[in-house]
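Here's a quick briefing on the model below.

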Amino acid sequence: MTRSAACCIAALPRIGVIMTHTQNRTLLLFLVPALLMLFVFTVIPSLWAVYVSFTDLALAGPKALDYTFVGLKNYNKLFADRAFHNSILLTIQYTVFTNIGQFTLGLIAALILNRRKVWGQGFLLAVIVLPMVIPGITQALIWSSMLGAKELGTLNRMIAVVGFDPVIWTRTYPMLSIVLVNFWNNSGFAMILFLAGLESIPKEVLESATIDGANGWQMLTRIKLPLIRYVVLLWLLLNTIGCLGTFDLVFSLTRGGPGNATELLGIYIYNQGFQFFELGYGSAAAMVMLVISLIFAFFYLRLMRVEL
Amino acid sequence: MSTNKNLSRRRFLQTSALLTAGGVLAACAAPAAPSTGGEAAAPAGELIELTYMTPDRELGTNVKNIEIEGFNKLMEETSQPYRVVGVLAPATDNDIKTKLTLDAAAGTLSDIFSPLGETLADFVAAGYIADLRPYIESWDGWAQYPEVLRGFSFFGDKLVGLPGGSTFSFFYRKDLLEGAGIPITQPNTWEEFFASCGQIAEKTDAIPAGIPAATPWGGGTWGEAFKQIWLSFNGSIYEDGKWVVHSENLLKAFQVYETLATNGWLTVDELLSPNPWEPIKYDGFPNGTVGIVTGGDWQWTFDWGPEGATPIEGLFEKVDRWGFPAEDGKPFTYVDGNAGPVVAATAKSIEGATEFIKYIAEPSVMCETIKVYLGGAVARVDFAEQCPEYVDMVNGKMAQASQFFETGRTFNFNQIGSGKIADGVARATEDIITGTQTAEEAMEAFAAAMTDSLGAEMVTRAS
Amino acid sequence: MTVQMQPISSPPAPAKSASSWQNQWDVVAIYLFLIVFSIFILIPFIWPFLSAFTNKPENVSSLYLYRPTGFTWDHFWNAIYGRGQAFTLLRNSIVTVGGAVLLALLLCSLGGYALSRARFRFKRALMFGILLVQIIPGTATVLPFYLIMRELHLLNTLLGVVLGLTASAIPFMLWVMKGFIDTVPIELEEAAFLDGATQFQVLSRVVFPLALPGIGAAAILTFNGAWATFFLPLILLSDAEKFLMPLGLFRALIAYTNLDYGMLNAMALLYMLPSFLIFIFARQYLIKGTMAGAMAGQ
């Protein structure tokens with residue numbers, strides 16, 4: 001048994017099992033099919049995108065015929081591009097707000113569903129999942145209907161009931177609008193993951209905590225949250241990555257919003273690549289997005305360190 | 001101790017079962033599918049199959065089926081080796097652009113397809129489109145295409161298709177104006193137009209102008225309003241391969257928006273919400289709460305016709321068209337040309353593809369297809385003669401539009417970089433109508449932004 | 001000695017520590033939350049239902065709420081038998097997404113197990129990498145992806161869509177699987193091995209049943225994610241009979257901006273059904289409490 005293996009096993013909160021190398025190798029075979037698919041369909045295209053970010057390849061226009069390797073020129077341009085900086089800032093804002101909102105909502109819903117004592121649980125489960133099962137285009141249309149102009153939009157009709165004037169939501173509160181929509185349509189994701197995590201907590205742990213006199217709050221903060229830490233951090237990681245790259249919904253609603261108010265990274269990159277055909281520049285922007293995501297991911301993974 | 005190396009029979013069977021189940025499911029999903037395009041041309045004597053791509057829209061698809069059937073039959077009868085097969089593109093313009101761009105870059109374009117106007121110049125410059133000149137200029141049908149439209153099919157020396165067109169103008173609620181005693185004479189200058197707006201605002205409850213502006217309307221701001229307004233002023237727009245991004249006439253175009261917005265004559269709130277055409281064209285205009293909109297021929301049928309989105313009863317009595325007022329006092333209907341279906345440079349047979357394009361433009365064929373779907377005026381000058389039914393369609397509005405091809409004004413805006421210009425214009429008008437910037441400031445910002453994104457070699461200033 | 005598997009779930013224990021007074025407040029708060037939340041979620045659905053099931057008065061926009069002039073099945077008729085061809089779309093969607101989820105489940109159960117139990121030097125980097133390859137947005141990687149599909153002759157095939165969907169599902173599923181398999185105590189496996197169980201038996205009798213909530217969650221989420229995928233089928237498919245539902249929704253587009261919202265919403269509602277049903281079906285795997293001790297091994 002190698003020293004590193006011993007350290008890893010010693011760090012784990014369980015009795016170590018001696019894994020021989022033979023067994024290891026067979027296990028790794030299990031991993032091959034998944035990794036192979038990943039390699040062919042995801043890794044290779046990504047590597048190509050990295051390469052393109054150093055060129056001025058265009059999808060159409062004269063540059064499509066002969067493109068050249070331009071080194072860091074795209075990156076220099078990005079560095080000076082204020083629209084790009086704005087994009088990054090907005091995307092981070094969007095990600096933070098969304099995460100906070102969805103975490104709270106998902107956690108509360110999961111806790112409720114975990115209790116098994118309340119009427120209407122099935123209803124809650126169905127309801128929270130509902131927005132997730134409608135296609136993205138429909139989501140966009142539904143919210144276009146909600147956020148419509150003047151008295152026509154549903155949201156305006158609602159606030160009119162309590163006496164407010166109609167608001168141009170996507171104009172006056174663009175960030176709020178898209179955060180709200182994302183909050184509505186994806187909290188279910190958090191809830192499902194948290195619920196699965198809560199359900200995995202062995203009953204005995206909860207019972208012994210109860211016997212020891214833990215009240216609801218202590219139960220939550222001292223027992224449950226730490227035990228579902230892996231799931232929460234995983235969710236945070238995935239959701240952050242998703243938010244950083246979000247495109248469909250925001251584009252359909254605001255197309256980048258009044259001016260640049262909601263021009264998130266995903267939209268910026270799409271515009272570069274498909275509106276303006278500048279694939280090289282768009283790829284460079286995508287690389288920067290990758291780096292930002294790496295930073296977040298690294299941060300989360302350090303928190304998850306023990307579990308690995 | 002470990003026994004995992006034993007491949008028990010049960011394990012083998014169960015794993016196989018799982019794999020098979022997954023495989024069968026996947027296989028059920030995969031009919032034998034030949035890849036489209038890119039194959040080498042078949043040797044002479046064999047059939048050459050050409051793919052024709054159109055958007056997944058019902059009426060268009062119906063037309064396509066008629067065309068393909070007729071063409072293939074004709075090919076059989078005349079013993080020619082070309083056959084056409086239909087292929088679907090997505091339904092919305094944005095998605096079509098994505099698919100076409102991707103196909104083009106990967107070399108898998110369908111042999112014949114309908115391009116998007118704003119991308120065509122870039123596609124031609126990238127070498128994706130075939131030159132059809134040898135096959136068209138010698139064709140007698142070519143003489144039937146009005147001069148004004150021909151330019152839309154030319155890119156430098158390349159002729160890429162048989163042009164089509166539609167006409168754009170203001171559409172206004174005649175009954176609304178008449179009911180309030182406002183004269184309905186064609187405004188010849190912008191001052192007269194503003195006067196009409198003022199009267200509408202004063203004497204009716206309607207907002208005078210629901211004109212596309214700002215970014216939520218997408219390409220419509222450029223395509224259905226700004227181009228035409230820019231053209232109405234004297235001065236250059238695009239010359240020697242450069243866009244004129246700073247000029248007197250451009251400023252005046254921006255000022256039109258400024259005037260409308262500051263006087264409260266523009267539907268600003270609606271323009272800033274998602275899908276702005278909904279409250280403006282499909283609610284405000286039919287209900288008479290918006291007085292004037294812009295648009296093209298298709299609106300008679302698809303927006304306000306009996307089968308349209310929001311039918312207006314008594315459409316032809318209530319709605320009429322005004323040309324765009326012009327600085328020189330000569331109002332005009334704007335003629336928007338397009339190159340029609342084009343042929344990919346990678347097509348298996350450019351001659352065969354051109355045969356198809358010529359076929360679907362034949363008056364006899366079009367006379368049939370317009371009964372299924374008539375989206376706009378027909379370009380060919382001899383069409384009204386050869387197909388008498390056309391004259392009466394849509395209350396004669398289409399035939400009237402055809403005549404505008406001769407008398408209207410046009411300009412080929414589909415140059416390289418038009419996408420960026422369109423984007424810049426949308427942002428600039430948004431700043432103006434929200435009062436964030438004045439027209440001068442907006443133009444300064446526009447010029448700077450375009451210089452940045454297009455590069456100094458593609459822009460120029462005239463003032 | 002046979003392995004005695006204790007069912008992890010047991011009938012709910014009464015909360016001994018809460019006083020009944022505090023309990024009541026809890027319940028009230030919960031109900032309040034349920035009501036407010038349900039309203040929040042459900043209000044946006046009024047429009048699609050209204051639009052799909054009713055006729056609208058003539059000169060009002062169909063994107064907003066309106067006073068219906070009557071109930072109708074017309075929109076659904078158009079969607080299914082008319083130009084919508086919804087059943088073909090649904091069939092294609094179910095087959096491709098279902099196939100992709102099954103394939104991903106297969107690959108990732110094994111892969112997740114391997115990641116959980118195997119020890120090797122670069123494991124952390126690998127886990128990291130698996131997740132991060134997905135970050136680069138599709139719009140930047142679509143061209144090489146498309147070229148690869150072309151080389152594999154998978155353009156315009158449903159199989160290509162299945163493989164593409166599976167590849168996108170893998171990173172997330174691997175992580176979830178690994179995470180939940182991690183929670184299965186290795187002593188149980190140890191004991192099973194000692195009793196002479198084969199690797200396969202250990203997997204099917206010990207590990208996977210206990211990781212079931214995770215598998216359920218992964219399956220549902222992957223299904224939902226893939227179900228809504230628009231971009232991948234958009235670029236790959238060009239035959240009408242192969243289109244998936246999200247693409248086909250836009251058959252409601254008549255011309256330019258004229259969308260037949262009635263038909264669109266009818267199709268969207270039809271589209272929701274399978275996803276919803278799958279969720280109901282898989283729900284039992286998600287909440288262990290609803291499974292009555294089905295994990296005893298013997």
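**Core and contacts**

Let's start with one side chain's neighbourhood: leaving out residues up to four places away in sequence, Phe194(A) touches Gly106(A), Leu107(A), Ala110(A), Ile228(A), Val231(A) and Val232(A). Keep in mind that this is a predicted model. Phe194(A) turns up again in the largest nonpolar core, where Phe194(A) and Ile170(C) are the residues with the most contacts inside it.

**The nonpolar core**

- The largest nonpolar core runs to 327 residues.
- Helix H7 of chain C, residues 158-182, gives the most to this core, putting in 16 residues.

**Where chain A meets chain C**

- Chain A brings 96 residues to this contact, and chain C brings 92 residues.
- On the side of chain A that touches chain C, H2(A) gives the most, with 18 residues.
- Sorted by class, that side of chain A has 64 nonpolar, 23 polar and nine charged residues.

**Where chain A meets chain B**

- Here the contact takes 28 residues from chain A and 30 residues from chain B.
- Four helices of chain A each supply at least two residues of the side that touches chain B: H2 (21-52), H8 (169-172), H13 (248-254) and H14 (265-275).
- That side of chain A splits into 14 nonpolar, 11 polar and three charged residues.

**Chain B overall**

- Chain B has 463 residues, and buried ones make up 52% of them.
- Taken along the principal axes, the C-alpha atoms of chain B fill a box of roughly 90 × 70 × 50 Å.
- If you take the contacts in chain B between residues at least 6 apart in sequence, 73% of them join residues at least 24 apart.

**Helix H10 of chain B**

- How far apart should the ends of helix H10 of chain B, residues 248-262, be at 1.5 Å a residue? With 15 residues the helix should span 21 Å, and the end C-alpha atoms are 20 Å apart, so the two agree.
- The buried residues of H10(B) are Leu250(B), Ala253(B), Phe254(B), Val256(B), Tyr257(B), Glu258(B), Leu260(B) and Ala261(B).
- Glu258(B) is one of those buried residues, and Glu counts as charged.
- Just past H10(B), you'll find Gly264(B) with a positive phi of about 75 degrees.

Terms used: Residues are numbered from 1 along each chain as its sequence is written. Chains are lettered from A and ligands numbered from 1 in the order in which they are written. This is a predicted model: local features need pLDDT of at least 70, side-chain atom pairs count only at pLDDT 80 or more; totals for chains, interfaces and linings use all residues. Two residues are in contact if their C-beta atoms, placed from the backbone, lie within 7 Å. The expected span of a helix is 1.5 Å times one less than its number of residues. A residue is buried if 20 or more other C-beta atoms lie within 10 Å of its own, exposed if 12 or fewer, and partly exposed in between; C-beta atoms are placed from the backbone. A nonpolar core is a set of buried Ala, Val, Leu, Ile, Met, Phe, Trp, Tyr and Cys residues joined through C-beta atoms within 7 Å.
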